[in-house]
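Here are my notes for you, written as numbered points. Please keep the sequence and the model open while you read.

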Amino acid sequence: MPDYHDDLRLGHVLADAADAATMDRFKALNLKVETKPDMTPVSDADKAAEELIRGHLKRARPRDAVLGEEYGIEGTGPRRWVIDPIDGTKNYVRGVPVWATLISLMEAGEGGFQPRVGVVSAPALGRRWWAAQGHGAFTGRSLSSATRLRVSGVSRLADASFAYSSLTGWEEQGRLDGFLDLSRSVWRTRGYGDFWPYMMVAEGSVDMCAEPELSLWDMAATAIVVTEAGGEFTGLDGRPGPHSGNAAASNGLLHDELLGYLNQRY
């Protein structure tokens, strides 16, 4: 099995560069914010961070393709870097520190492209998480100063902590009743949102989380961190990986019940 060490190290270099760019513009009085066609915000920091990462990749991995939220797909081939320059732009533009740069290397494999490396860097929180296929998931300040991640051992829904982003998407998809039933069945719910609940599932501080509508760049990096920490990451349809347009992540012990409620089988 490939060790992906060089790719993971490059992922950290890319994240370091993006952190410097995004923190420089965080809470800037002259931050420019536009509305995209899908009515979501994009700032000049989003665009600058993605351009910076793409420039690094063009020099370091010229044969690899790049897919980013702001500038789409460039290149072809069996290896593809997937980038969300700022996951949590709504937080970023309001000065809320819960946002991150998501960087993943995906390779062509059975069932399509699969995540092999993931780096999630949240500089305003002073946190970073990462994983490589077959080598575990970690958090820390650097590759040489890290703690291995492991999901929780909570096996009863009544003892579980469930995280989500908002109620609106569940209602739009007709899944709100199942979502509310799940919320009533667990020990605790919190609306942390964006990348953070997936990282908390990987750390074992949250037992499960889900979102009804996502893009590949929202999930590729978080999916491999969760699975390498021993958890399960699927779509709401149960398909493993970040390919379903939505996500459910858990410690694995609660996954069937999580999907059952959100698909209103209970």
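1. Is Asp194 buried, partly exposed or exposed? Asp194 is partly exposed because its relative accessible area is 23%, where buried means under 20%, exposed over 50% and partly exposed in between (1.4 Å probe, protein chains only). Asp194 is in the loop between strand E12 (188-190) and H6, and its phi is positive, about 60°, although it is not a glycine. Most residues other than glycine have a negative phi.

2. A word on how to read these values. The model is predicted, with local features needing pLDDT of at least 70 and side-chain atom pairs counting only at pLDDT 80 or more, while totals for chains, interfaces and linings use all residues. Residues are numbered from 1 along each chain as its sequence is written, and side-chain values use heavy atoms, with hydrogens and water left out. Helices (H or I, at least four residues) and strands (E, at least two) are DSSP runs, numbered from the N terminus.

3. Tyr4 also deserves a look. Its phi is near 55°, a positive value in a residue other than glycine. Tyr4 is placed in the segment before helix H1 (5-25), and it counts as buried because its relative accessibility is 6%.

4. Next, the nonpolar cores, each a set of buried Ala, Val, Leu, Ile, Met, Phe, Trp, Tyr and Cys residues joined through side-chain atoms within 4.5 Å. The largest has 30 residues, and those with the most contacts inside it are Val120, Trp129, Phe195, Tyr198, Val225 and Phe233. Among the elements giving two or more residues to this core are strand E7 (112-122), strand E8 (127-132), helix H6 (196-203) and helix H7 (216-228). H7 gives the most, with six residues. A second, separate core of 18 residues includes Phe179, Ala210, Tyr261 and Leu262.

5. Strand E15 (residues 247-250) has Ala247 and Ala249 pointing one way and Ala248 and Ser250 the other, and all are buried. In a regular strand the side chains alternate between the two faces of the sheet. E15 pairs in the antiparallel sense with strand E13 (residues 208-211) over four bridges; strands pair if DSSP finds at least two bridges between them. Glu211 stands opposite Ala247. Strand E14 (residues 232-234) also runs antiparallel to E15, joined by three bridges, with Phe233 opposite Ala249.

6. Which side chain makes a polar contact with that of Thr139? It is the side chain of Arg127, at 3.0 Å; a polar contact is a pair of N or O atoms within 3.5 Å, and within protein one must be able to donate a hydrogen and the other to accept it, with residues adjacent in sequence counting only if both atoms are side-chain atoms. Thr139 lies in strand E9 (residues 137-142) and counts as buried because its relative accessibility is 11%. Leaving aside neighbours within four places in sequence, its contacts (heavy atoms within 4.5 Å) include Trp129, Trp130, Leu149 and Glu203.

7. Finally, the rings. The structure holds 10 aromatic pairs, in which rings of Phe, Tyr and Trp (its six-membered ring) have centres within 6.5 Å; planes under 30 degrees apart count as stacked, over 60 as edge-to-face and the rest as tilted. Tyr192 and Trp196 form an edge-to-face pair, 5.8 Å centre to centre with 70° between the planes. Ring pairs also link Phe162, Tyr164, Trp170 and Phe179 into a cluster.
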